[in-house]
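Subject: Structure handover

Hello,

My notes on what was found follow it.

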Amino acid sequence: MTSNKLSFGLAALLCVSFPALAEIDLSGSWAAINHEDSLERGGGPNPVDWAGLPFNEAGRAKALSFSQSIISMPERICWFQTQWHIAAGPFSLRMWAVPDPITGKVQAWVVGAWETRAPMTIYMDGRPHPGKNAPHDQTGFTTGVWNGNELIATTTHIKTGYIRRNGAASSDQATITTHFLRHGDLLTVALFMDDPVYLTEPYILTRSYNLSTNPVAIGGPPCIVGDEGVESGRVPHYLPGKNPFVDEMTKLYGIPEEAALGGAETMYPEFREKIKDKFKLPAKCVKNCANAGGN
Amino acid sequence: MQRKILTLTWFMVGSLAGLLMTQSGLYAQGRGGRGGGAAQPQNAKAAAVFDPTGYWVSVITEDWRYRMVTPSPGDYQGVPMTPEARKVASAWDPAKEEASGDLCKSYGAPALLRVPNRLHITWQDDQTLRMDSDAGKQTRIFHFGDWKPAAAAPPTLQGESIAQWERGGGRGATDGSLKVATSNLKAGFLRKNGVPYSEKTTLTEYYDLIKAPNGDPLMVVTIITTDPTYLTQPFVITSQYKKESSDAKWNPTACSARW
């Protein structure tokens, strides 16, 4: 074989044998499909409904101290809107790529802001996350990698926020991992919250979106702080043992208190055996029954 | 010098040829990126883009009150029901199901992966994937290749499912999806409290394998239920399953109309 032929063969083989890491076009407006967790994403969950959340004792205690009135305080109105709001809010997504102006290579993907959630910029250029003592904010710092057609984004450096909009909190040590999976005009987004402070294991939520020709607005943030008249110096809260909503899920849906208070065991099928004899099916649904999502 | 230039030229031509071959493969995936890759080999087992076999446990972090307990009568939150569907659902009476012995209406294919359960997935043969659920003792069969359902076969709870691998295009070991299309379904319930689906229902599912932060495999199933009779739009939900190392917690239980 001549060296010329060898060169040709070697070059061709190198290119064919090691295809570029696949990427997929995620750009566009993605309309949220809120059939799942319709209440949680829409009007907001019932108070003290933490079933399916892998709380540890600290997470549960913090959540039990939560009074919804706390977000009337000017300094706390915006406290809960981290990137987890993609999972916990009802909003659609708009995504676009930011190319390097010289090479055209994608430097970052952006998930546009919505109201009080800041845009998520997913850096694709291999830059490292800041050091552990770097400042945290609600936006956090996000990098991404492709696994075939799956974009995996990792967010760190967020401030304390919420996991569920009824007081279940995430800490500033939490990491959010977001997987973007596209199937034609359908986008599935799977988000993990991994929080060593308040959770015993990672918490996962998945959300679905349809590609839409209607442009999704990308307004906000910042969250606008307002004065709702809470007197200065008062922090709305419940002391231990004083949360008045502990039996709310039992009263409304017959769900035992131990289930509503969450914990990793409530995420798995065998937990049903534990509550089977305590569950009482109400005669009729009386609250938050059928007025959201697709209804 | 001339020889070096010639060699370099051949190298560049070779690179271009290789790149063209690679890019044409990627281009074939289309904008959606899935489903348009190279022709699949005949053997679905050998062509699998990820290993779906083994024991999987459902992780119930969403729609908890419709899944882990029996939802209250009239609790239809999130389901895009037609007025007719509401009428049917409002007549739900588990005692009637018990009397007729029709206890498995909420264990049909559109609802099975919403049931708190464990799945055991195996290759029945090189072209057929089998999924068993301990809850309700149900079995789904996914046929690959050119399998055709029998003519005039009666509808069944799990219907007839045709499967295909949809390749991604990258190097990842979990790169791609399993797409399953199911039809010929017997009517049943999307939720145990009588939210109906009809025999006209079709089901499309995408199975993806992702990794949890600790590296554990997690199967994410996007479920699209279409029913012109009882749904105003496709009902889209996603269920997730964590891989288990053994059958230690496998617990077959019969269907129940109440729990």
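**A buried histidine in chain A**

A:His157 has a relative accessible area of 8% and is therefore buried (under 20% relative accessible area; exposed is over 50% and partly exposed lies in between, with a 1.4 Å probe and protein chains only). This is a predicted model, in which local features need pLDDT of at least 70 and side-chain atom pairs count only at pLDDT 80 or more, while totals for chains, interfaces and linings use all residues. Residues are numbered from 1 along each chain as its sequence is written, chains are lettered from A and ligands numbered from 1 in the order in which they are written, and side-chain values use heavy atoms, with hydrogens and water left out.

A:His157 sits in the loop between strand S6 (150-156) and strand S7 (161-164) of chain A; helices (H or I, at least four residues) and strands (E, at least two) are DSSP runs numbered from the N terminus. Its side chain makes a polar contact with the side chain of A:Thr156 at 2.8 Å. A polar atom of the A:His157 side chain also lies 2.8 Å from the backbone oxygen of A:Gly131. A polar contact is a pair of N or O atoms within 3.5 Å; within protein, one must be able to donate a hydrogen and the other to accept it, and residues adjacent in sequence count only if both atoms are side-chain atoms. Not counting residues up to four places away in sequence, A:His157 touches several residues, including A:Pro130, A:Lys132, A:His136 and A:Phe141 (contact means heavy atoms within 4.5 Å).

**A buried arginine in chain A**

A:Arg182 belongs to strand S9 (residues 175-183) of chain A and is buried, with a relative accessible area of 1%. Its side chain reaches two backbone oxygens: that of A:Asp25 at 2.4 Å and that of A:Gly184 at 2.6 Å.

**Aromatic pairs and charges over rings**

Rings of Phe, Tyr and Trp (its six-membered ring) pair if their centres lie within 6.5 Å; planes under 30 degrees apart count as stacked, over 60 as edge-to-face and the rest as tilted. The count over all chains is 12 aromatic pairs. In one of them, A:Trp50 and A:Phe55, the ring centres are 5.7 Å apart and the planes are at 70°, so the pair is edge-to-face. A:Trp50 and A:Phe55 are both buried. The pair of B:Phe142 and B:Tyr207 is tilted, with 5.9 Å centre to centre and 55° between the planes. B:Phe142 is in strand S4 (residues 138-143) of chain B and B:Tyr207 in strand S9 (residues 202-211) of chain B, so this pair ties together parts that are 65 residues apart in sequence. B:Phe142 is buried at 2% relative accessibility, and B:Tyr207 is buried with a relative accessible area of 1%. One aromatic cluster is formed by B:Phe50, B:Trp123, B:Phe144 and B:Trp165.

A charge sits over a ring if NZ of Lys or CZ of Arg is within 6 Å of the ring centre and within 35 degrees of the ring normal. A:Arg127 lies over the face of A:Tyr123, at 3.8 Å from the ring centre. B:Arg191 lies over the face of B:Tyr66, with 3.8 Å to the ring centre.

**Nonpolar cores**

A nonpolar core is a set of buried Ala, Val, Leu, Ile, Met, Phe, Trp, Tyr and Cys residues joined through side-chain atoms within 4.5 Å. The largest has 56 residues, and B:Trp64, B:Trp165, B:Leu178, B:Tyr207 and B:Met219 have the most contacts inside it. Apart from it lies another core, of 44 residues, among them A:Trp50, A:Trp146, A:Tyr162 and A:Met193. Leaving aside neighbours within four places in sequence, the contacts of B:Leu178 include B:Phe50, B:Phe142, B:Trp165 and B:Tyr207.

**An exposed lysine in chain B**

B:Lys211 is placed in strand S9 of chain B and is exposed, with a relative accessible area of 55%. Not counting residues up to four places away in sequence, B:Lys211 touches A:His179, A:Phe192 and B:Asp216.

**Chain totals**

Chain A has 7 helices and 11 strands, and 53% of its 295 residues count as buried. Chain B has 5 helices and 11 strands, and buried residues make up 52% of its 259 residues.

Regards
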